[in-house]
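User: Hi! Could you walk me through this model?
Analyst: Happy to; here it is.
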Amino acid sequence: MSSLIEIKNLSKSYVRGKQSIEVLHELSLSIPKGDFVALMGPSGSGKTTLLNLIGGLDQPTRGEVSIDGKRIDQLSGNALAAWRARNVGFVFQFYNLMPELTAERNVELPLLLTGLSAANRGKRARIALEIVGLGDRGRHKPKELSGGQEQRVAIARALVADPTLLVCDEPTGDLDRKTADEILRLLQTLNTEQGKTIVMVTHDPKAAEYAKRILHLDKGQLVDDVSNKG
Amino acid sequence: MKYFRLVLAALFAKKIRTTLTLLSLVMAYLLFGLLQAVNVLFNSAGDSFSGATRIVTQSRVSFTQSLPLRMLPQIESVKGVQRVMYQQWFGAYYQEPRNQLVAFAVDPLRLKDVYPEWKMPDAQWQKFASTRTGIILGRQLADRFNFKVGQQLPMNSNIFPKNDGSKLWTFEVVGIYDGKDADAQRQTGVMYINFDYFDEARQFGKGGAGIYISKLAQADDAERVAREIDAMSINSPEETKSQSEKEFNLNFVRQIGDINLIVNAILGAVFFTILLLTGNTMAQAVRERIPQLAVLKTLGFTDSSVMWLILAETLLLIGIGAALGMALATVVGFGLAGFFQAAGSIVDARVWAYAAGSVLVLALVVGLPPAWRAKRLKIVDALAGR
Amino acid sequence: MLNQIISITAMNLRSLQSRLGLSLVIVIGIAGVVGVFTALLAMSQGFEATLKATGRDDRALVLRDGSSAELNSGIDQASVQAIKDTPGARPGKSGTPLASAELIVITEFASIARGGSFNVTLRGIEPAGLEMRPELKIIDGRLFKSGLQEVIVGKSALTSFEGVSMGSKLRFRGADWTVVGVFESGDVHESELLTDFATAQTAFGRLGASSVLVQLDRAEDINAFTATLKADPRLNVEVQAEKAYFSGQTEQFSNTIGALALVVSVIMGLGALFAALNTMFAAVAARTRQIATLRAIGFGGVPVAASVLIEAMVLALLGGALGATIAYLLFNNFSVSTLGQGFTQVVFNFRVSPGLVGTGLLISLLIGFVGGLLPAIRAARLPVTTALRAG
């Protein structure tokens with residue numbers, strides 16, 4: 001399996017007032033295509049920061065981040081945005097849907113950045129909703145959906161531009177056990193059947209069991225890399 | 001375009017707030033439309049349709065002091081003067097002293113030459129010249145009171161009684177004149193009677209021609225001709241003051257008051273308040289939508305595009321409010337048309353142009369700060385709730 | 001109940017700081033309405049005050065019948081004498097009846113403040129006219145001498161028009177006139193120039209008078225006096241109490257300004273109302289959790305609603321006070337002039353009266369009340385449980 005994500009000597013520091021706080025320290029790792037990785041660690045370990053850097057939401061202080069051969073740490077703001085649109089899908093803990101748009105219109109959002117016609121956009125959005133099992137809910141607004149359904153819509157939105165990489169930040173943090181399992185199973189399916197590479201931050205060990213590989217971080221460094229045999 | 005739905009959805013996310021802000025905007029622009037219309041009207045009062053092609057010569061003491069008829073040949077002799085007419089204020093009211101109307105006693109054929117803006121069938125001009133008690137009316141005036149050609153028109157003068165002491169004069173309507181274009185049509189609110197009849201039949205003031213109006217042979221000769229006319233009567237008991245017709249009209253309007261100042265002061269107060277209100281609304285809206293804006297950026301929307309979205313939202317908000325307010329103002333403007341002797345609604349294309357300009361400026365001032373904030377928003381900070 | 005209201009309101013007002021921007025909207029919005037309203041009506045009241053202060057009930061103004069204004073009126077010499085001979089006038093110091101034939105001439109002057117020239121009234125009066133007007137006092141220079149081309153200028157005219165200061169030369173009809181004095185009278189005549197009647201007649205080529213002012217014994221005598229004049233076949237006149245005449249002249253201007261003030265205030269008031277509603281709804285929404293907590297603790301719905309209403313009205317009142325104060329500071333006693341009924345300028349001062357300020361404050365309270373009512377009701381009706389869970 002070729003490497004999708006290559007990280008070399010990655011460091012990230014934040015400036016808070018007069019202090020410089022180093023969150024990631026000389027991190028190096030490699031994630032092959034089609035992998036499903038869980039990032040775990042105590043609060044302050046830097047897992048969310050690492051996720052943000054992988055997803056192109058932030059720039060590293062030092063080091064390299066290559067996704068599918070492209071050095072995204074060298075991309076500028078607008079170029080990075082364009083790259084994100086085509087290559088990454090995001091799923092957050094709080095679903096961050098636009099409350100005034102229907103599910104279908106929410107899913108369609110990333111496609112507004114492409115040149116697709118309205119008809120094509122609608123078609124793709126509906127397909128994405130089908131994949132997550134909400135084909136009949138397209139016309140509903142977020143407030144008419146349950147928590148689990150909202151998260152599905154968010155996942156559909158993350159899929160609609162057909163990115164290779166899915167980045168998830170505590171996707172089940174706000175859901176009850178049963179719904180959380182459903183969502184995680186969906187993610188698993190996307191990984192095994194659609195070949196999506198998934199990097200997921202979680203503090204829930206049960207959620208981590210759905211992944212193929214678990215990376216542990218502590219104080220900004222990789223301390224463990226475990227293959228999931230489950 | 002495709003982003004329209006996004007912008008619209010964002011605007012109406014908080015329905016009550018948006019609606020109330022819109023309503024405030026509607027009120028502000030209703031006021032703007034009406035007040036700016038008044039402003040425009042008073043400013044253009046000086047735009048006498050022919051600009052400086054006519055000179056008004058009045059007594060230096062005041063325009064209410066009538067100049068003698070015997071001055072006519074003198075003025076006609078000035079180089080650059082093509083044709084001269086005179087007009088005496090009649091002090092007209094119709095039926096009740098409250099219904100004051102504008103009427104002048106003139107020489108019909110001279111009027112026709114000096115005011116080519118008035119369009120009337122030749123036959124009617126001839127009838128005017130040959131009928132001693134003839135009177136011609138402007139179209140607007142005729143329409144307002146429903147006067148028709150051929151009817152008798154009793155008119156009172158609050159200055160000039162007839163020889164027999166009666167203040168009631170009776171005239172025959174022999175013609176109705178129109179303006180040569182829309183601008184001129186707006187000014188068709190004046191009545192003209194025959195000077196010869198008037199002078200003979202009035203009890204006092206005989207021989208007083210009123211003010212003289214001279215048509216220039218060349219448009220921009222006004223200053224020189226005015227000076228030459230006045231030079232002829234310096235130090236005499238009938239000193240004259242000549243100026244372009246435009247200046248003369250402007251003077252009149254200026255005397256009513258600094259209308260401009262009052263209107264602009266009110267508009268200033270209104271706009272300052274609206275600025276604050278809309279600014280607050282937009283600032284709040286953006287504050288609340290920070291997570292959403294961050295998400296848009298994660299999806300690949302560039303920093304600039306998010307900024308444009310906010311600006312578009314602001315423009316839409318103000319634009320809709322302004323359009324509704326101006327529409328209302330236009331409707332009310334129709335009602336006020338009669339009072340201002342306007343052809344249509346006093347809220348015309350010129351006022352709309354001003355409104356459009358103000359919308360752009362307002363949208364920029366109100367929208368730029370929150371839009372800039374949206375642009376500079378760091379995804380990771382916003383997502384982390386900082 | 002009252003305790004609850006007071007404590008909640010106090011809490012709210014203390015937390016106002018965090019909602020400064022929003023609260024400012026109400027204050028400024030209402031300040032705008034009240035400010036504009038006050039300024040416009042101060043203009044109207046000032047104009048009216050000047051005109052209404054003019055004239056007295058026991059002085060009769062005689063004009064030619066149907067002229068309705070001094071400018072339009074013309075009374076020939078014979079009629080003037082007949083009027084003066086009519087019984088009813090109080091005798092003056094010299095024993096002859098106090099009646100002054102007066103001539104109105106319009107003159108043009110440049111404005112000090114604005115561009116262009118203005119029409120100013122030059123009034124020729126007889127000595128009786130001066131004796132009849134004790135309110136008229138020379139405050140600088142001296143009275144004009146009869147027979148000489150001299151004028152005295154009113155205090156207001158002096159400040160508003162150019163070229164009428166003491167000693168200035170004025171040019172009328174080819175001859176020079178001199179300003180020899182300044183007078184005050186506290187009324188519309190202060191916007192005029194005064195000179196000797198006979199001199200004016202000669203200079204302007206007029207044979208009669210514009211009007212005749214007659215001093216009656218008592219105000220009630222006017223009806224009898226009028227009847228006598230009307231019955232005289234030689235005369236064609238109309239008679240009014242001088243005070244009534246000038247008060248009547250305010251009508252057109254007052255109506256216009258009044259209409260303008262009404263329209264502008266109503267529209268701005270509505271705008272301010274919507275702004276107030278906006279602010280208060282937002283305030284309630286922002287404090288949903290707090291309100292619900294208070295309700296859960298045991299505070300009643302009515303005190304909560306009342307506190308919202310009070311907050312709205314307090315902010316509105318602040319706005320009203322601000323607006324009235326600004327209007328007062330900027331405009332009170334500000335001198336302007338406008339076209340009076342006779343095509344001449346009347347100089348007057350803006351008058352921000354206590355009554356006006358009171359009305360302004362009342363308006364702001366009204367807007368605050370209506371603007372706070374709906375949000376207050378909403379606050380009272382908040383379903384406690386959902387509110388506790390919300391933002």
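What follows is a short chat about the structure shown above.

User: Great, what should I know before we start?
Analyst: This is a predicted model, where local features need pLDDT of at least 70, side-chain atom pairs count only at pLDDT 80 or more, and totals for chains, interfaces and linings use all residues. Residues are numbered from 1 along each chain as its sequence is written, while chains are lettered from A and ligands numbered from 1 in the order in which they are written.

User: Which chains share the most contacts?
Analyst: Chains B and C do, of the two pairs of chains in contact. Two residues are in contact if their C-beta atoms, placed from the backbone, lie within 7 Å. Chain A and chain C do not touch, and their nearest C-alpha atoms are 14 Å apart.

User: OK, sheets next. What is the strand order of the open sheet in chain A?
Analyst: The order is β2-β1-β4-β5, four strands with antiparallel pairing. Its edge strands are β2 (19–32) and β5 (70–71), each pairing on one side only. Helices (H or I, at least four residues) and strands (E, at least two) are DSSP runs, numbered from the N terminus, and two strands pair if DSSP finds at least two bridges between them.

User: And how many bridges join β1 to β4 there?
Analyst: Five bridges join β1 (residues 3–16) of chain A to β4 (residues 62–67) of chain A. A:Lys8 has A:Glu64 as its bridge partner in β4(A).

User: Over in chain C, which strands does β7 pair with?
Analyst: Strand β4 (residues 137–141) of chain C runs antiparallel to β7 (residues 175–184) of chain C, with four bridges, and C:Gly141 stands opposite C:Gly181. Strand β5 (residues 150–154) of chain C runs parallel to β7(C) through five bridges; here C:Val153 faces C:Val182. Strand β6 (residues 169–172) of chain C pairs with β7(C) in the antiparallel sense over four bridges.

User: What about the turn between β6 and β7?
Analyst: That hairpin has two residues between the strands, and C:Arg173 takes a positive phi near 50°. C:Phe172 stands opposite C:Ala175 in β7(C).

User: Switching to helices: at what angle do α9 and α12 of chain C cross?
Analyst: Roughly 35°, with the axes of α9 (residues 251–286) and α12 (residues 354–381) of chain C coming within 8 Å. Axes are lines fitted to C-alpha atoms, for helices over the stretch in contact, and angles run from 0 to 180 degrees between N-to-C directions.

User: Who meets whom there?
Analyst: Residues including C:Ala272, C:Ala276 and C:Met280 in α9(C) meet a set in α12(C) that includes C:Ile367, C:Gly371 and C:Arg378.

User: Which residues touch the most other members of the largest nonpolar core?
Analyst: Among them are A:Val37, B:Leu31 and C:Ala276, in a core of 252 residues. Such a core is a set of buried Ala, Val, Leu, Ile, Met, Phe, Trp, Tyr and Cys residues joined through C-beta atoms within 7 Å. Helix α2 (residues 20–52) of chain C gives the largest share, 18 residues. Leaving aside neighbours within four places in sequence, A:Val37 is in contact with residues including A:Ile31, A:Ile198 and A:Leu215.

User: Last one: is C:Arg234 buried or exposed?
Analyst: C:Arg234 is exposed, because 9 other C-beta atoms lie within 10 Å. A residue is buried if 20 or more other C-beta atoms lie within 10 Å of its own, exposed if 12 or fewer, and partly exposed in between, with C-beta atoms placed from the backbone. C:Arg234 lies in the loop between α7 (222–231) and β10 (237–241) of chain C. Not counting residues up to four places away in sequence, C:Arg234 touches C:Ser79 and C:Ala82.
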